[in-house]
Amino acid sequence: MGELVLHPASDLISDSEVPAIMGQIRPQWQSKGLIERVRRLLPVDPSSACQRLLNAAVQDLREKVQIAGIDIASEVAAAHKLPPINRGDRGAEDIENYSTAKLIDLSYRMGLLSRAEWRKMTRAYDIRRDLEHEDAEYEAGIEDCIYIFKTCVDAVLSRDPITLIHVSEVKQIVQASGPVAADPDLLTDYEHAPTPGSWRSSSSC
């Protein structure tokens with residue numbers, strides 16, 4: 001077995017906010033092997049750790065899009081000229097085939113990411129692409145690690161999936177004959193609803 005060689009910036013990373021950020025990842029992701037590999041890679045290969053953490057965030061977004069609803073994803077994709085998503089069972093395969101950049105756009109348009117989070121995730125993806133082609137002139141620095149880790153965890157990996165609100169759910173409340181209170185889950189879904197009209201807006205980002 002070869003000797004483990006720590007990255008020159010390993011002390012800076014250990015003393016930074018990165019370890020605390022990792023602790024904010026949802027339990028279901030904490031238990032996955034991918035996150036454990038990120039922890040092991042961080043002291044010796046920060047570039048690979050950043051790339052793998054962003055991969056985890058992207059996979060989490062794919063799952064969240066499906067949970068939010070393939071029918072909604074299909075409508076949003078069509079409204080914003082994103083790659084088409086079929087309704088029904090084929091939609092899941094379409095979402096799996098989405099490129100990372102388009103998936104981030106779709107997540108924003110569906111209300112799974114705010115505009116600020118969309119911009120940060122796009123920038124994190126740009127940094128990751130740079131890291132994939134790093135050489136002697138470009139190497140991951142502590143600032144790259146902090147940006148990618150904080151963005152991916154704050155915007156994606158720390159958050160539970162949501163089910164986007166459906167018109168039929170509100171309609172049932174409005175048409176009720178007597179006093180009625182909105183279900184707490186419905187109110188939570190409403191908090192994450194996209195801006196009215198944004199799905200059908202054809203304006204660019």
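The sulfur of C50 lies 3.4 Å from the closest cysteine sulfur, that of C145, which is too far for a bond. A disulfide is a covalent bond between the sulfur atoms of two cysteines. Here the term requires a pair of cysteine sulfur atoms within 2.5 Å. The structure holds 0 disulfides. C50 counts as buried, at 0% relative accessibility. C145 is also buried, at 0%. Buried means under 20% relative accessible area, exposed means over 50%, and partly exposed lies in between (1.4 Å probe, protein chains only).

The model is predicted: local features need pLDDT of at least 70, side-chain atom pairs count only at pLDDT 80 or more, and totals for chains, interfaces and linings use all residues. Residues are numbered from 1 along each chain as its sequence is written, and side-chain values use heavy atoms, leaving out hydrogens and water.

The largest nonpolar core has 51 residues. Such a core is a set of buried Ala, Val, Leu, Ile, Met, Phe, Trp, Tyr and Cys residues joined through side-chain atoms within 4.5 Å. L53, L106, M110, M121 and F149 touch the most other members. Two or more residues come from each of helix 2 (18-22), helix 4 (33-41), helix 5, helix 6 (70-79), helix 8 (100-109), helix 9 and helix 10 (142-157). Helix 5 gives the most, with 10 residues. Helices (H or I, at least four residues) are DSSP runs, numbered from the N terminus. For L53, neighbours within four places in sequence are left aside; L53 is then in contact (heavy atoms within 4.5 Å) with M22, I25, I35, V38, I148, F149, C152, V153 and L157.

Two polar residues were also examined. S48 sits in helix 5 (residues 46-68). S48 is buried, with a relative accessible area of 16%. The side chains of S48 and D45 are joined by a polar contact of 2.7 Å. A polar contact is a pair of N or O atoms within 3.5 Å; within protein, one must be able to donate a hydrogen and the other to accept it, and residues adjacent in sequence count only if both atoms are side-chain atoms.

E117 belongs to helix 9 (residues 115-132). E117 is buried as well, at 13% relative accessible area. The side chain of E117 makes a polar contact of 2.3 Å with that of R159. Beyond four places in sequence, E117 is in contact with L112, A155 and R159.
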